[in-house]
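Open the model in your viewer and keep the selection panel at hand. The tour goes from one selection to the next.

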Amino acid sequence: MKKHNYSAGPCILPQEVFEQSAKAVLNFNGMDLSILEISHRSKEFVSVMEEARALVLELLGLEGKGYQALFLHGGASLEFLMVPYNLMKENGKAAYLDTGTWASGAIKEAKHFGETIVVASSKADNYTHIPKNYKIQADADYFHCTSNNTIFGTQMKSFPELNIPVVCDMSSDIFSRSLDFSKFDLIYAGAQKNMGPAGATLVVVKEEILGKTGRYIPSMLDYQQHIAKESMYNTPPVFPIYASLLTLQWLKNQGGIKAIEKQNEAKANLLYTEIDRNPLFKGTASVEDRSSMNATFVLNDESHAETFDKLWKAAGISGLTGHRSVGGYRASMYNALPLESVQVLVDVMKDLESKI
Ligand SMILES: *Cc1c(COP(=O)(O)O)cnc(C)c1O
């Protein structure tokens, strides 16, 4: 039987996406060729790319608003440096919010391009909350934030309103909740957390913010080059893009982001209610900043770990161990995880309580 997959990424995708992808590996689109062996310039793949790029904008409500969607290589980690390369002026500066490991990874890269101001950080509190009431320099070239902190289980519930470009790493909560995406000028996300398999990176950028730095940008790192080549500057990651398209189509059939958001809220409520009720467990993130995607929690008494681990593994749960840097447990409840899987986890937590 299929496991209840709580992996933080790569992660669960809809079962029908696995089935359709498997078919395409053998015979794509009735071509009698595998998706793995066709040219990225074939009309069949060009239409996959076009549809995927258009569907991203449609689902985010950004059609006809001056945005371009790109499928690139290199993961969200490469965007940590592509963002300053493309947006930080020579002798310019940028403002960053430090909310966790990934945010600080982005800050580390930006520092090589110019003055990088950390407007606020929750590092001293082990990133258990999102800083509030910070000031952002009005003359910064852009503001960068991380909407969901995959490792620490916190999520930004509101975003500052600014007159400078707002850049957001949405790797672990893109397509999971409705936001006014037009408030962001650049959104990026590694595919492997809510959109598809590892190997593709999504960048959604408002074209008017590009081309203003005055610095030379190597072609492969230049968003304008990728836009000019319709996201095919070089060979794109064909299979991850195809599987991402299938996931986006699945999402649209579910009713889009608004519909999936309701399901995500139901899943998060079910689990957090149990974490708060069950005397054996404790959530690690501040309640007001809790992520609806990644719930982090610990046992109040570590000596129950062996019993708990045995119970959830026996129940068919996989991937519940916390990130190596924080320990404890992390339940990643991405779009494709069904409510029933959360119920199985909650039942195991109740079961542990009854055994102790
Ligand atoms: C996983 C993750 C990353 C890193 O993604 P890669 O695609 O592995 O480079 C960056 N930011 C966030 C928020 C993440 O969750």
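Which orientation do H2 and H6 have to each other? This is a predicted model, in which local features need pLDDT of at least 70 and side-chain atom pairs count only at pLDDT 80 or more, while totals for chains, interfaces and linings use all residues. Residues are numbered from 1 along each chain as its sequence is written, and side-chain values use heavy atoms, with hydrogens and water left out.

**Helices H2 and H6**

Select residues 43-60 for helix H2 and residues 238-254 for helix H6. Helices (H or I, at least four residues) and strands (E, at least two) are DSSP runs, numbered from the N terminus. The two axes come within 9 Å and cross at roughly 45°. Axes are lines fitted to C-alpha atoms, for helices over the stretch in contact, and angles run from 0 to 180 degrees between N-to-C directions. H2 and H6 are therefore oblique to each other; angles under 35 degrees count as roughly parallel, over 145 as roughly antiparallel, 65 to 115 as roughly perpendicular and the rest as oblique.

Now show side chains. The contact (heavy atoms within 4.5 Å) includes Phe45, Val48 and Met49 of H2 and Val238, Ile241 and Tyr242 of H6. The residues of the contact of H2 with H6 divide into 13 nonpolar, one polar and three charged. Here Ala, Val, Leu, Ile, Met, Phe, Trp, Tyr, Cys and Pro count as nonpolar, Asp, Glu, Lys and Arg as charged, and the others, Gly among them, as polar.

**Helix H1**

Next select residues 15-26, helix H1, whose axis comes within 10 Å of that of H6 and crosses it at roughly 140°. That makes H1 oblique to H6 as well. Glu16, Val17, Gln20, Ser21, Ala24 and Val25 in H1 meet residues of H6, among them Phe239 and Trp250. By class, eight nonpolar, three polar and one charged residues form the contact of H1 with H6.

**The sheet**

Move to the open sheet of three strands, in the order S11-S12-S14 with antiparallel pairing. Two strands pair if DSSP finds at least two bridges between them. S11 (281-283) and S14 (329-332) stand at the edges, each with a single partner strand, so one side of each has no neighbour in the sheet. Three bridges join S11 to S12 (residues 294-299). Select Lys282 to find Val298 of S12 opposite. Helix H8 (residues 305-314) lies across S11, S12 and S14, at about 25° to S14.

**The domains**

Finally, colour domain 1 (15-254) and domain 2 (257-355), bounds that come from an automatic or database domain assignment. Their C-alpha centres lie 27 Å apart.
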